[in-house]
Amino acid sequence: MKRLFVVFCLGVTLAMPVLAEAPDDPLAWLGRIAAASKQLNYSGTFIYQAGQQLETSRIAHLVDATGEYERLEVLDGSPREVIRANGAVRCVLPEQKTVIIDEPDGRRAFPAKIPVSYAGLAQNYRIRKGETARVAGYESQLIVLDPRDELRYGHMLWAERQSGLLLKARMVNERGEIIEQFTFSEVRIGDIDREALSPRYRKDESWHLVDTRGNAVSPQEAGWVLKDVLPGFTLGAVFKRSLGEGRGEVVHMVLSDGLATISVFVEPMGTQEPPGTFSPARAGAINIYKRPLNGHLVTALGEVPLRAVQRASEAVEAAAR
């Protein structure tokens, strides 16, 4: 799931304060939330919950004249550290002595859940203001995004009223049940200690460097097409990545509605797939659907209902030659 870490990217001109009077328009609130996660300096600890899974992480985020920087450290289980510097992402796995150079896949990480181009979200979600509440010691405004169809989940966002920084984010299904939730337990907004951005682990020649980035290609070069793109979703990017000598390559297509993201992978299938390969699966908040196609394995996954990843997987077909 290391590919599920997501990249932030920011221009220096965005490094302006976002403190302003709280707006009444819920769409304007989304703009404040999107800007705050990128323009503010902050540090704190948040808890991720999905089903029985609980995970605590520490985050530090800094913007200055040279760009945007972030360090995230997972405090539970196997140690992991994600270092972001402008457009570059490095995932550090100290137990494996491995550094993974990753690429964006469209999924947005807390607290940067809302894209800069947020206006189009109203096409797929009904957006409204909810009640105010206290989160991590701050007064917050609840913004609710109700999905307009069954291909995406609903979202509840609690933003700090003065700055707009997202303090709590909850994703819910059609019955209002929690799929996943992020909550700051403590957060400091404003000046942060630069030392908090320093990598924790020292690396030497015994560490491995793994570059998982693919080559961006046009949809016409993918060799595969989506005969019916899901309503409200657009094909945002296509990548190709080698699987190693003699093993072919995997094609990665990224679909997004601006908030929800579906990744579709097409790769050569082995001669004997393990039992259960083609059964729907779930990992935390992510649904997964696989199917065979012309000697290839098509895998669709994303934080969307199972029906959405199934439709995305079944929409793939070989491109006409």
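Biologist: Let's start with the lining of the second largest cavity. How do its residues divide into nonpolar, polar and charged?

Modeller: This is a predicted model, to be clear. The lining divides into 3 nonpolar, 1 polar and 3 charged residues.

Biologist: Which residues line the second largest cavity?

Modeller: They are K113, H155, A169, R170, M171, E180 and F182.

Biologist: And which elements give two or more residues to that lining?

Modeller: Two strands do: β10, residues 166-172, and β11, residues 178-189. β10 gives the most, with 3 residues.

Biologist: How much space lies in the second largest cavity?

Modeller: About 40 Å³.

Biologist: How many cavities of 30 Å³ or more does the structure hold?

Modeller: It holds 2 of them.

Biologist: New topic. How many helices and strands does the protein have?

Modeller: There are 2 helices and 21 strands.

Biologist: What does the C-alpha trace span along its principal axes?

Modeller: About 60 × 50 × 40 Å.

Biologist: How does the radius of gyration fit a compact globule?

Modeller: It agrees, because a compact globule with 321 residues would have a value near 20 Å, and the protein has 20 Å.

Biologist: What share of the residues count as buried?

Modeller: Of the 321 residues, 49% do. The protein exposes about 15500 Å². Carbon and sulfur atoms supply 50% of that area.

Biologist: Last one. Take contacts between residues at least 6 apart in sequence. What share joins residues at least 24 apart?

Modeller: That share is 54%.

Definitions and conventions. Residues numbered from 1 in each chain as written. Predicted model: local features only at pLDDT ≥ 70, side-chain atom pairs only at ≥ 80, totals over all residues. Heavy atoms only, no water. 1 Å grid on protein atoms, 1.4 Å probe; cavity = no way out; pocket = protein on both sides within 12 Å on 5 of 7 lines; lining within 4 Å. Points joined across faces, edges and corners; volume = space filled by probe spheres on them. Helix = DSSP H or I, 4+ residues; strand = E, 2+ residues; numbered from the N terminus. Nonpolar A, V, L, I, M, F, W, Y, C, P; charged D, E, K, R; others polar. Rg over C-alpha atoms; globule rule 2.2 N^0.38 Å. Buried < 20%, exposed > 50% of the residue type's maximum accessible area, 1.4 Å probe, protein only. Contact = heavy atoms within 4.5 Å. Areas by Shrake-Rupley, 256 points an atom, 1.4 Å probe, with all protein chains shown as cover.
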